[in-house]
There are 2 protein chains.
Amino acid sequence: MEKTLSILDKVNTPEDLKQLGISEMNILAEEIRKIILTKVNTTGGHLGPNLGIVEATIALHYVFNSPVDKIVFDVSHQCYPHKILTGRKEGFTDADKYQKYTGYTAPEESLHDLFKVGHTSTSVSLALGLAKGRDLRGDKENVIALIGDGSLSGGEAFEGLDNAAVSGSNIIIIVNDNEMSIAENHGGLYSNLKLLRETNGLAECNFFKALGFEYHYVDDGHDIEKLINVFQSVKDTNHPVLIHMHTIKGKGLEVAESDKEHYHWIVPGTLDRAEDFVAENYEDYGTITADYIEKKYQEDPSVIAISPATPAVSGFSNAFRDKAGIHYTDVGIAEEHAVAFSSGIAKNGGKPILGIMSSFIQRAYDQLSQDLALNNNPATILVFWGAISGADATHLTMFDIPLISNIPNMVYLAPTNKEEYLRMLDWSVGQNEHSVAIRVPCGEVYSVGVEDNTDYSILNKFKVVEQGSEVAIIGLGNFFRLGEDVKRVLAEKTGLDATLINPRFITGIDEELLETLKLNHKIVITLEDGVLDGGFGEKIARFYGNSDIKVLNFGAKKEFPDRVPLDELYQRYHLTPELITEDIKACL
Amino acid sequence: MEKTLSILDKVNTPEDLKQLGISEMNILAEEIRKIILTKVNTTGGHLGPNLGIVEATIALHYVFNSPVDKIVFDVSHQCYPHKILTGRKEGFTDADKYQKYTGYTAPEESLHDLFKVGHTSTSVSLALGLAKGRDLRGDKENVIALIGDGSLSGGEAFEGLDNAAVSGSNIIIIVNDNEMSIAENHGGLYSNLKLLRETNGLAECNFFKALGFEYHYVDDGHDIEKLINVFQSVKDTNHPVLIHMHTIKGKGLEVAESDKEHYHWIVPGTLDRAEDFVAENYEDYGTITADYIEKKYQEDPSVIAISPATPAVSGFSNAFRDKAGIHYTDVGIAEEHAVAFSSGIAKNGGKPILGIMSSFIQRAYDQLSQDLALNNNPATILVFWGAISGADATHLTMFDIPLISNIPNMVYLAPTNKEEYLRMLDWSVGQNEHSVAIRVPCGEVYSVGVEDNTDYSILNKFKVVEQGSEVAIIGLGNFFRLGEDVKRVLAEKTGLDATLINPRFITGIDEELLETLKLNHKIVITLEDGVLDGGFGEKIARFYGNSDIKVLNFGAKKEFPDRVPLDELYQRYHLTPELITEDIKACL
């Protein structure tokens with residue numbers, strides 16, 4: 001990195017920015033891009049969204065008076081320029097401080113950040129709340145929501161827009177239209193955005209005007225002067241205003257402009273590689289899933305893969321999507337629709353397989369319950385990345401077990417290896433009785449090399465993998481192998497030969513097996529890769545509540561850990577074989 | 001009721017209907033209205049929505065070929081004419097069979113019903129799934145979604161429309177615009193519907209066209225001939241079509257047409273009373289809530305009540321709403337927005353109190369978690385009707401404890417009487433540390449006559465109401481009084497003097513107290529008015545897992561009971577003092 005950033009060196013707060021002229025702000029924009037590129041290429045992170053919003057962020061902070069005026073960033077993966085301009089540029093210029101700030105807005109870092117946010121489509125509702133709070137207090141500050149075109153497909157965004165349009169006081173919504181979601185956009189709304197872009201905002205048929213907004217169009221969202229003019233024209237408005245701003249995702253980096261999806265978020269070192277994204281011949285649970293589906297729809301043309309705008313999560317690569325035709329649908333950021341749509345497909349003879357990240361299935365509880373499980377329609381929901389993790393608090397993936405497993409009728413399965421996963425997937429796709437979710441294993445693929453032939457239509461049948469006595473270890477899904485380790489360490493430390501059980505089912509307990517354990521066991525321990533509260537282990541504790549069996553439940557504490565290293569969490573939650581063995585010994 | 005229904009007597013299936021002329025169908029419409037009025041006035045039920053959809057249902061079944069063609073009724077509280085025309089008219093003409101069919105579509109009753117549905121805004125997504133299933137199978141039937149204007153404000157409906165518009169094959173969406181939700185509509189969309197009505201569908205600025213739909217307007221949704229013509233014109237379409245149809249909610253019954261909200265759903269005998277809806281001087285937890293808020297916002301102008309289109313649930317009567325001004329907002333059917341909006345208000349100095357029915361809080365899990373609790377914003381969520389009930393399976397209210405209580409940071413409170421409720425409510429509104437939900441007690445108001453002065457900022461402090469030994473009874477919320485009864489019966493049957501505990505907090509356990517119980521208790525029982533799985537009692541069972549204390553958890557089984565009488569459920573779940581006492585004795 002260059003030592004001198006001629007303008008940025010002088011800019012530490014929005015106040016400093018207000019002293020600059022347009023040409024200096026243009027230089028500032030390039031300097032911001034430069035430090036974002038260097039940092040993100042070192043640490044990984046969101047690239048395209050941030051490169052595309054540099055000028056607009058400068059113009060926003062030039063015109064408005066943050067933190068009195070309040071800016072809410074939707075999903076907030078485009079907040080790097082904002083962080084740089086609000087006292088946190090060291091997080092981008094000083095390699096030692098690259099990890100100091102989160103990749104999302106975080107009120108604990110700065111008064112300029114209003115909400116901790118990492119799920120999409122929430123900004124308009126949150127901002128409208130700020131505006132209402134302001135009105136109740138009788139204040140006058142501006143409230144601004146900045147939302148991407150991709151996020152508009154989420155129902156919560158529509159609910160917010162519908163309400164904001166009639167709120168009758170100051171709220172400024174900026175739609176950052178970069179013609180992309182993470183992947184390409186899907187939905188009828190996008191034809192209207194295209195029409196508006198093509199007519200310089202003048203088309204009569206206008207989605208935003210139909211909702212009642214005063215509408216402004218900015219054709220070049222990288223022209224700071226134009227942006228300043230439009231922002232100044234709406235500043236201190238006394239009614240709802242919507243600015244539709246056209247930007248280029250990945251602006252300023254040729255590869256990111258031309259391959260917007262793959263440069264949305266990059267891993268460290270991406271920009272140093274000559275050849276990017278050449279398909280490597282590796283296997284993960286995504287490629288296993290895609291390979292299965294690709295083969296399956298050739299046998300059974302009623303099979304269809306579905307993604308709510310996050311195809312990469314499920315292994316639905318560009319190659320997969322290109323080949324799949326009618327056997328693949330991206331519904332946009334619309335998890336509620338994705339679940340209901342899957343239910344409808346299953347009802348009418350199709351075989352839907354919806355792939356979704358654990359953190360985002362949270363957006364569709366009622367649809368899982370009412371649209372799907374209550375109707376017992378045989379859709380398959382693949383929940384990816386369900387595990388305790390060191391992620392940002394906005395992207396935790398450890399709440400899906402309480403969420404899904406307490407819904408009646410749902411069958412939630414926890415495979416422990418590749419063969420079980422494929423068998424469960426194939427069983428689910430082949431059956432017509434149950435709404436099924438599968439917690440796809442996390443991390444490295446573990447193969448036992450022997451095909452699984454279990455009939456999963458016999459529900460809630462746990463598998464005794466190794467019969468022992470005194471202590472029974474029930475290791476669910478990802479944590480089955482932790483169970484193997486516990487068994488080994490326990491044997492080393494105490495000489496006990498524990499029973500090892502793979503429950504496979506999360507949504508029901510094998511009462512018969514649990515009864516027989518009473519005969520020659522004193523302690524049953526449960527291991528689950530998720531939060532304990534409302535989870536799997538508590539059901540085992542309830543079952544044994546009236547017996548002499550002791551139960552120890554291992555899993556995560558109910559909390560929102562924020563980028564806490566996984567090792568540290570495992571220590572905190574006693575999730576190492578040694579700590580678990582100590583706890584068992586204390587109970588013996 | 002008249003003995004003869006000249007046309008309806010001949011009509012048992014849609015096939016019979018197809019033999020009729022327009023004038024006969026008009027008579028049929030009046031006959032259908034008549035039997036709906038008689039039945040609903042006897043049993044209670046949805047009145048306005050059904051009176052408004054009679055002609056459209058006749059025209060639909062005349063033109064389309066159900067069940068091959070598939071009609072999805074949004075929320076399905078307007079499906080009575082459909083049931084009458086599809087083999088189930090006895091449920092309306094024979095008083096002995098009034099309870100035979102549910103008030104919602106129910107696939108177990110008839111092939112003409114596609115989904116069990118009772119939550120709004122789902123029909124387009126479900127129908128689009130049916131259409132996709134059809135396309136995957138290579139079939140050609142028509143798929144129709146019938147959705148009210150009120151339901152359009154729900155995000156899931158928008159997600160569905162956005163996707164349906166670009167689906168590229170047959171789907172027919174009928175927007176039944178009766179200018180009402182349950183109460184009046186709220187949202188910018190409704191100004192566009194008004195514009196479209198006023199221009200006979202010709203205005204250029206058209207929400208539905210903006211999404212890309214082929215759009216048709218029907219000015220009189222009670223003109224069967226017009227309806228037949230437009231339905232015939234779109235039948236077998238090869239692309240998405242939207243029909244915007246203007247109807248009158250409550251059509252044909254003067255009082256229902258003029259007071260649409262109060263005749264949306266009526267209790268038995270409503271039509272026999274001369275003076276309706278004169279405010280009676282009775283108290284329930286709704287009036288207590290409204291009275292508290294009305295007083296509170298006069299002291300503190302930052303207080304605001306919020307409802308997602310169900311104001312009556314929370315006691316927000318017309319009188320309350322008329323007076324409240326800026327201190328009340330109806331956000332339309334938009335539970336996700338309602339929660340995020342509340343979070344924003346709380347963030348900016350307001351004091352939001354969101355009233356919502358247990359069954360519908362399910363629609364906002366991710367917003368409770370991400371938009372609210374992760375941010376620790378001090379909003380107050382009042383969850384009404386949370387209890388085991390004999391309701392339709394689509395409106396169960398027993399899942400809110402697992403839903404809310406396993407979210408980190410949330411404080412979920414369970415008052416057992418009026419005084420506790422008011423104290424908790426006032427504490428929640430006054431504090432700035434926590435996102436709080438309160439499970440408002442159900443049923444008759446129980447007052448102890450002594451003000452509660454507890455400081456609820458000391459979290460998770462259970463209250464020992466009566467100190468005993470051997471057995472401790474933890475009676476949560478509504479079921480505290482069941483706990484009192486159990487204590488009494490247990491004393492009668494065994495002579496044991498049990499400890500009685502009111503936990504008050506659902507989201508955390510009083511570890512110190514639970515530890516001390518170990519000293520002189522053998523059994524701890526938990527009573528909760530909700531599903532056991534993922535609930536409160538399991539946390540107690542987990543806590544005592546490594547001890548000698550026996551734990552018995554009482555609550556509902558994980559299932560979707562469908563209109564099962566409450567007494568029967570209490571027997572099934574062992575929720576009577578006698579059955580619980582038996583279970584305790586068996587464990588002693």
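Student: What share of the 588 residues of chain A counts as buried, and what makes a residue buried or exposed?

Tutor: Of the 588 residues, 60% count as buried; a residue is buried if 20 or more other C-beta atoms, placed from the backbone, lie within 10 Å of its own, exposed if there are 12 or fewer, and partly exposed in between. This is a predicted model, in which local features need pLDDT of at least 70 and side-chain atom pairs count only at pLDDT 80 or more, while totals for chains, interfaces and linings use all residues. Residues are numbered from 1 along each chain as its sequence is written, while chains are lettered from A and ligands numbered from 1 in the order in which they are written.

Student: How do you know whether the radius of gyration of chain A agrees with that of a compact globule?

Tutor: The globule rule, 2.2 Å times the number of residues to the power 0.38, is set against a radius of gyration taken over C-alpha atoms. For 588 residues a compact globule would be near 25 Å, and chain A has 26 Å, so the two agree. The C-alpha atoms fill a box of roughly 80 × 55 × 50 Å along the principal axes.

Student: What makes S17(A) and S18(A) a pair, and in which sense do they run?

Tutor: Two strands pair if DSSP finds at least two bridges between them, and S17(A), residues 521–531, has 6 bridges with S18(A), in the parallel sense. Val531(A) stands opposite Ala556(A) in S18(A).

Student: Which strands stand at the edges of the open sheet of chain B, and how do you know?

Tutor: The sheet has 5 strands in the order S2-S3-S4-S6-S5 (chain B), with parallel pairing. S2 (70–73) and S5 (214–218) each have a single partner strand, so one side of each is left without a neighbour in the sheet, and these two stand at the edges. Within the sheet, S3(B), residues 143–148, and S4(B), residues 171–177, pair in the parallel sense over 5 bridges, and Ile147(B) has Val175(B) in S4(B) as its bridge partner.

Student: Where does Pro67(A) lie, and is the peptide bond from Ser66(A) to Pro67(A) cis or trans?

Tutor: Pro67(A) is in the loop between helix H4 (54–63) and strand S2 (70–73) of chain A, and the bond from Ser66(A) is cis, with omega near 5°. In chain B, the bond from Ser66(B) to Pro67(B) is also cis, with omega near 10°. Such bonds are worth noting because most peptide bonds are trans.

Student: What makes Asn200(A) count as buried or exposed, and what is its phi?

Tutor: Asn200(A) has 11 other C-beta atoms within 10 Å and is therefore exposed. Its phi is near 55°, a positive value in a residue other than glycine, and Asn200(A) sits in the loop between helix H9 (189–198) and helix H10 (207–211) of chain A.

Student: How does Glu470(A) count, with 16 C-beta neighbours inside 10 Å?

Tutor: With 16 such neighbours, Glu470(A) counts as partly exposed. Glu470(A) lies in strand S15, residues 470–475, of chain A, and has a positive phi of about 70° although it is not a glycine.

Methods. Helix = DSSP H or I, 4+ residues; strand = E, 2+ residues; numbered from the N terminus.
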